[in-house]
Every structure is written in structure tokens, then in C-alpha cells.
Amino acid sequence: MLPLLGGVIPDNGPRDYLPVFLLLIVAAAVAASQLLISWLLGPKTKPNPVKDSPYECGIEPTGEAHTRFSVKFYLVAVLFILFDIEIVFLYPWAVHFGGGVEDGVVFATRGALVRFLFAEMLVFLLILFLGWYWVVKKKALDWEEA
Amino acid sequence: MTYVLGKLLHIVIVAGAALPGLAAVLVWAERRVSAFIQDRLGPNRVGPAGLLQPIADLLKFIFKEDVIPGHVNKTLYVLAPAMSLVPALVAFCVVPYARGMAIADVNVGILLVFAISSIAVYGVSIGGWAGNSKYSLLGGVRASAQMISYELALGASCVPVFLVVGELNMEAIVAWQKANGWLVFYLFPAWIIFLVSSYAETNRLPFDLPEAETELVAGYHTEYSSMKFALFFLAEYIHMITASALSVTLFFGGYELPWVTLPGGAWGTVLSGLVFFGKISFFLFLFIWVRWTLPRFRYDQLMNLGWKILFPASLVVVLATAGWIAMVTP
């Protein structure tokens, strides 16, 4: 480990996340400085109506740009929130499954614990599959007719 | 205090120089490789083999006029490129790119990557909205729907890794693979799902619908120019680097080699960094290779693939892996 770059053994506390915050600040500085540089060094010309109009392949722009778009996009966002939470539920389960932290519950063998955890997740995922199947049958994910 | 200063130096080197530098080289490599695939030469005039081309491009970006068109929402228009670049840089924080050299070695590891990289969708969708143009808006909503859809499969395809290793920490996953062999040999289907989803997450062909130039001009960054456009571009390439780094770390042994044990100390760190660089170079090449091999998907095909094939398939892989472990554990 190179001491110059400040490597230390992590202590699994909030201190571990300090570099993430530092990185956030540095990344924001990188982005801001690049925007600033081109603003400072680029040429300045007067705005004109052609330059200020939205690009529509050289034809005069028609109507509002913020038009209505398909409700399917909202539907996908709502479904995403639902299913993403289910996916996040898998993470702690997976870590316990492989890592074998037996929180006080006594099982005869490690295999018995793992098989119990598997059966529980099987039930959970079957319910999840039912929900997913319903969404598909409702044609919530079909884009052809939208 | 020395710890903070040392970390800060480390971060400035990685986020201020190494990642943007690698992204710049990647832009050059993409143009050269695509040229060779199409049987032409590509940029070869600036510097040896055109290697200084990215610097020339950068100078050009800097000295172009910083246009803020009259029709845009000014605050969001300026903010969006930064909001796109910052998560791209921060998402790299937990990747161990050489032995003991992750910026932040936290025990939630990959969960942090997903948490941060999912913020990247805001940069793209806000950019599309702020542009106040029809193409931008369509590109923005397409991009946000696509990125969140494939996040499901991406998130679920990593779960088999945690099932086998029992840790979210990246160093622990690398150590497990050093002892037991690369995870791709155990979890090949999971890796395929991960790879396809990561292409969709980075908006790369065959899933570059948000900027499909034949229908949307340039998608969400149609109204952007000069350095602001460059920031979107840079963010996309840094996302590619992070996606390759995750693929290498989770499935291909990270910075370690099979059979050969790298020496300890500073030399080991340097060598492991080179091993890691070699591995991600292959995946970055794959990104470019796929781009010039596969045609673009249609939008409904893209959504069908994500929701009806990859998402259930990833859950089946999770169940299969768990069942396999449940069977073999005594």
C-alpha cells in the first residue's frame, strides 16, 4: 500500500465514506472548472433569432417543444420503483445466504439454514413473478399500440 | 489530516486526470477502431498515430463559443452536463483498480455504485428537458425510461455474485476469485445479463436509442454545444470505463491473475494495476467492437428485452444459483 496516496485499513465506520464525499467535491470542481474555462475562453458573439431558435432540421420551429408524450413513460417509472425495491430486498438476503451470519436462529447444520433461506426467497420471488405476470398480461409493457 | 490530504491527492489524480485522460484516449481508440472496422484510417495526423487528437479536440471544445440559446431553461441547461459528469466520476469510487487502491474501500461496495450511478439518469433527463426542443425532450424521456428499465436487470444480475461470495465489498469479491477462480465460470448467464444491461445503462449501441441520430438528431444533447456537449460525452465514456471495471471486478478476477501470484509491496500494486488496465482494455474494446457489429434496436424491442426477457431471466438465475448452493451445502 502506498502511504503517499493515503491508504489505510478501513474501519467499517462513517470514516470510510469520507473519500466518497471528497470525490464528490472534486468531481463537482472538475465539472464546474470545465464549464468555466469554455465560458471564459470562448468567443462571444451577439445572439440572433436563428441561433436562439431550437434545432428542427433547418425548418421553422412549429408549436411548443414540451408537448405531451406517451403515458407509458410514467407507467414504466412507477413499475421501476416497485420492482427495484424488490431487487434491493434481495441484497441483504444474498449476503446472509453466502456469508452465513446466523443471527441467533439455531439450525442443525449450515445446509439446513441455507435451505430455509432458499425456501423463503422462493415464496417471495413467486409472488413477485405473479405481479410481473399480471403487469405483462395487462399489456402495461407493450409499446406497439400506445 | 495527512490521511485527508493523501486521499485528496489520490482523488485528484484519479478523478481529475486518470479517468478523463482514459476517456480521452478511449475517444481516440473508438475513432481508430471504427475506422479500421470500416476499412479506413481514422484520425492519424495529430501526433504519432493520431494520439494527440483528443488534445486537439479538447482545445477546440474550449475555444468554441459557449452558446446558451434563448429558448432553453438556463439554470437547468447549465446544470445538466455537470449533473451528468459528477455521478459518472463518483461511481468509480469503490472500484479497486489495483491492490488496495480503491478510493473508498467500503463494505457496502457495489451497492454504493448502483446508488450513485442511478443518479446519472437525472443529468440526461434534465438535459433533455432544459433543451426545450422536441428532439431533446424525446431523447430525454427515452433515456430515462431505458436507464431505469435496465437497472432492474443490472441490479438482479449481480445478486448471484453476492450469493456465492457472501460479501458486497469489492476487495472481498476479488479475494474470493483469487482463491476459487473467476466467477464468470460459475455464473456465466449472470455475466451475460450484466453485460447486456450495462450496454443499455451506458446508452451504447445496440441500445443508443436516447441519441439515435437517424430519428432524434442527437437526442437529449441536441441543443448543446462546446464544452457542455463535451461533458455529456465525457460522462458517457467514464460510464463505459466504470461498467468495464465492474465486469472485471465482479466476474473476471479484478486486479489479480489466475495461477500467478503477484509480488507484494509497491511493485505488486503497480503490476496489479497493469493487470486491471489490461482486463478493462479488453472490455472497452468489446464496447467499440459491438458498436460497429450490431444494428440498433427499435424502442419497443428494447423495452421488451429489458422487461420481458432480461428481468425475469436475472431472477431465474438468482433462484438457480441459490438452489444450487442450497443443494451442495452440507
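A helix here is a DSSP run of H or I at least four residues in length, numbered from the N terminus. With that in hand, B:Ser34 sits in helix H1 of chain B, which covers residues 2-37. What you're looking at is a predicted model, and it scores ipTM 0.83 and pTM 0.87. Here's a quick tour of the confidence, chain A, the interface and a few residues of chain B.

**Confidence**

- Chain B has a mean pLDDT of 86, with 99% of its residues at 70 or more.
- Which elements of chain B have the lowest and the highest mean pLDDT? The lowest belongs to helix H9 of chain B (residues 213-216), at 72, and the highest to helix H8 of chain B (residues 188-201), at 91.

**Chain A on its own**

- Chain A comes to 4 helices and 0 strands, so in sequence order you get the pattern α-α-α-α.
- Chain A has 146 residues, and 34% of them count as buried.
- Take the contacts in chain A between residues at least 6 apart in sequence: 49% of these join residues at least 24 apart.

**Where chain A meets chain B**

- On the chain A side, 78 residues are in contact with 91 residues of chain B.
- For chain A and chain B, the buried area is about 7,500 Å², and carbon and sulfur atoms give 76% of that.
- How many salt bridges does the rule find across the interface of chain A and chain B? The count is 0.
- Polar contacts do turn up between the two chains: the rule finds 3 residue pairs, with both residues at pLDDT 80 or more.
- Four helices of chain A each supply at least two residues of the side that touches chain B: H1 (18-41), H2 (49-52), H3 (72-99) and H4 (110-137).
- The largest share of that side comes from H1(A), with 17 residues.
- Sorted by class, the side of chain A that touches chain B has 51 nonpolar, 15 polar and 12 charged residues.

- Is B:Ser34 buried or exposed? B:Ser34 counts as buried because its relative accessibility is 4%, and the cut-off for buried is under 20%.
- The side chain of B:Ser34 reaches the backbone oxygen of B:Glu30 at 2.6 Å.
- Leaving out residues up to four places away in sequence, B:Ser34 touches B:Arg40 and B:Trp292.

- Some background first: most residues other than glycine have a negative phi.
- B:Asp39 has a phi near 60°, a positive value in a residue other than glycine.
- Where does B:Asp39 lie? B:Asp39 is in the loop between H1 and helix H2 (53-62) of chain B.
- With a relative accessible area of 73%, B:Asp39 is exposed, since exposed means over 50%.
- B:Trp259 also gets a positive phi, near 65°, and it too is a residue other than glycine.
- The loop holding B:Trp259 runs between helix H10 (226-251) and helix H11 (265-291) of chain B.
- B:Trp259 counts as exposed because its relative accessibility comes to 85%.

Technical notes. Residues are numbered from 1 along each chain as its sequence is written. Chains are lettered from A and ligands numbered from 1 in the order in which they are written. Side-chain values use heavy atoms; hydrogens and water are left out. Contact means heavy atoms within 4.5 Å. Buried area is the accessible area (1.4 Å probe) that two parts lose on being put together, summed over both. A salt bridge is a side-chain nitrogen of Lys or Arg within 4 Å of a carboxyl oxygen of Asp or Glu. A polar contact is a pair of N or O atoms within 3.5 Å; within protein, one must be able to donate a hydrogen and the other to accept it, and residues adjacent in sequence count only if both atoms are side-chain atoms. Ala, Val, Leu, Ile, Met, Phe, Trp, Tyr, Cys and Pro count as nonpolar, Asp, Glu, Lys and Arg as charged, and the others, Gly among them, as polar. pLDDT is the predictor's confidence in each residue, from 0 to 100. Buried means under 20% relative accessible area, exposed over 50%, partly exposed in between (1.4 Å probe, protein chains only).
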